[in-house]
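Please keep the structure open as you read.

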Amino acid sequence: MADDEKKGILLESGTNEMEIVEFSVGASEFGINVIKVREIINCVPTTHLPQTHPCVEGLIKLRGEIMSVIDLALFLGYPPSEEPDKDFFIITEFNRMKVGFRVHSVSRIHRISWDQIESPDRVASAAASGCTVGIVKMEERIILLLDFEKIVTDINPRLGFQVDTIRNLPKRDRSQVKVVAVEDSETLRSYIKDLLVQAGYEQLRFFANGADAWNYLENTADVKGDDFINDVNIVITDIEMPQMDGHHLTKRIKDHRVLGKLPVVIFSSLITDDLLHKGESVGANAQISKPQFNELALIMDDIVFGQQ
């Protein structure tokens, strides 16, 4: 992927589109959001670590940084490449960590809309379906979108999402604050709910995608006008979601004549220093990287009570 091509992709925000890098493992085609891809390199020798998960191939040093490499074929239950020396490493960054994934080939970049993504089919193989978050139909082919966060968590649960005790929150009544949270992962919705309840936020309304959240917010504004604030005080949204992504949702909120003053916090594994401009360009009030749950609660307090 050329640097100027990727730069052009990353400068766009709020279009409800994304680019995916198509790659193959075995006879299947998969995709990963370009935003998660730092670079793609030819495979290099790895340093094996003893007593690690069998799918962790080893460590590599790239541009002064040491990172793990996961063998996707082994994880997904596919046979190894017939020509391993011709494999590629996709170097990713999410949840503030960098991880490499061995794949068999890399083909091209596709631009798709989030509303083109369908839920995984029940007939998908057991190995792939458990970590597949979406299916994209490309003419006569099917591309599976993998849940790379889940893959990493399954291999090393310590890197997963854990809700710790909320710390350093001042004592105040948060029970009347009305929160809309948008997150497509059922597991993450549960974590966020536990966090907010622990912090004292009790009036929570969850949505599994940006489209449903937008319909609710727009209808509320149409009915209540400026009094919508009696129904919602702050929105928390993920970025990667079917139907409507978090950047597009944020842009719609901020462009709306009534909802424009509604605070929006983007809470996503895709928040990095290089990508903060995407949320800024659509008007997000704050951007926090998963799994920093405690920071989410602190920022919400600053936004909600700072307005009073």
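## Asp 87 and its surroundings

Leaving aside neighbours within four places in sequence, Asp 87 is in contact with Asn 42, Cys 43, Ser 81, Arg 102, Val 103 and His 104, where contact means heavy atoms within 4.5 Å. You will find Asp 87 in the loop between helix H2 (72-76) and strand E6 (88-94). Helices (H or I, at least four residues) and strands (E, at least two) are DSSP runs, numbered from the N terminus.

Is Asp 87 buried or exposed? Its relative accessibility is 2%, so Asp 87 counts as buried; buried means under 20% relative accessible area, exposed over 50% and partly exposed in between, with a 1.4 Å probe and protein chains only. The side chain of Asp 87 also makes a polar contact of 3.0 Å with the side chain of Ser 81. A polar contact is a pair of N or O atoms within 3.5 Å; within protein, one must be able to donate a hydrogen and the other to accept it, and residues adjacent in sequence count only if both atoms are side-chain atoms.

## The model as a whole

This is a predicted model, in which local features need pLDDT of at least 70 and side-chain atom pairs count only at pLDDT 80 or more, while totals for chains, interfaces and linings use all residues. Residues are numbered from 1 along each chain as its sequence is written, and side-chain values use heavy atoms, with hydrogens and water left out.

The protein has nine helices and 15 strands. Of its 308 residues, 51% count as buried. Among contacts between residues at least 6 apart in sequence, 67% join residues at least 24 apart. The accessible surface comes to about 15100 Å², and 46% of it belongs to carbon and sulfur atoms; these areas come from the Shrake-Rupley method with a 1.4 Å probe, and for residues only the protein chains shown count as cover.

## The mixed sheet

Strand E6 belongs to an open sheet of five strands with mixed pairing, in the order E3-E6-E7-E5-E4. Two strands pair if DSSP finds at least two bridges between them. At the edges are strand E3 (37-42) and strand E4 (56-62), each pairing on one side only. From one strand to the next, the twist averages 30°. Axes are lines fitted to C-alpha atoms, for helices over the stretch in contact, and angles run from 0 to 180 degrees between N-to-C directions.

E3 and E6 run antiparallel and are joined by five bridges, with Ile 40 standing opposite Ile 90 in E6. Helix H4 (residues 148-155) lies across E4, strand E5 (65-71), E6 and strand E7 (97-103), at about 95° to E7.

## The parallel sheet

Now turn to another open sheet of five strands, with parallel pairing and the order E12-E11-E13-E14-E15. Its edge strands are strand E12 (203-207) and strand E15 (286-289), each of which pairs on one side only. Here the twist averages 20° from one strand to the next.

Strand E11 (residues 178-182) pairs with strand E13 (residues 234-237) in the parallel sense over four bridges. In E13, Val 235 is the bridge partner of Val 180 and Ile 236 that of Ala 181. E13 also pairs with E14 in the parallel sense, over three bridges, and Thr 237 stands opposite Ile 266 in E14. Both faces of E13 are covered: Ile 234 and Ile 236 are buried on one side, and Val 235 and Thr 237 on the other.

Helix H6 (residues 210-224) has 15 residues and spans 21 Å from its first C-alpha to its last, close to the expected 21 Å, which is 1.5 Å times one less than its number of residues. At the start of H6, a side-chain oxygen of Asn 209 comes to within 3.0 Å of the backbone nitrogen of Ala 211. After H6 comes Gly 225, with a positive phi near 65°. The buried residues of H6 include Trp 214, Leu 217 and Ala 221, and their cover includes E11, E12, E13 and H7.

Helix H7 (residues 246-255) lies across E11, E13 and strand E14 (264-268), running at about 180° to E14. Asp 255 lies in H7 and counts as exposed because its relative accessibility is 55%. The side chain of Asp 255 makes a polar contact of 2.9 Å with that of Lys 251.
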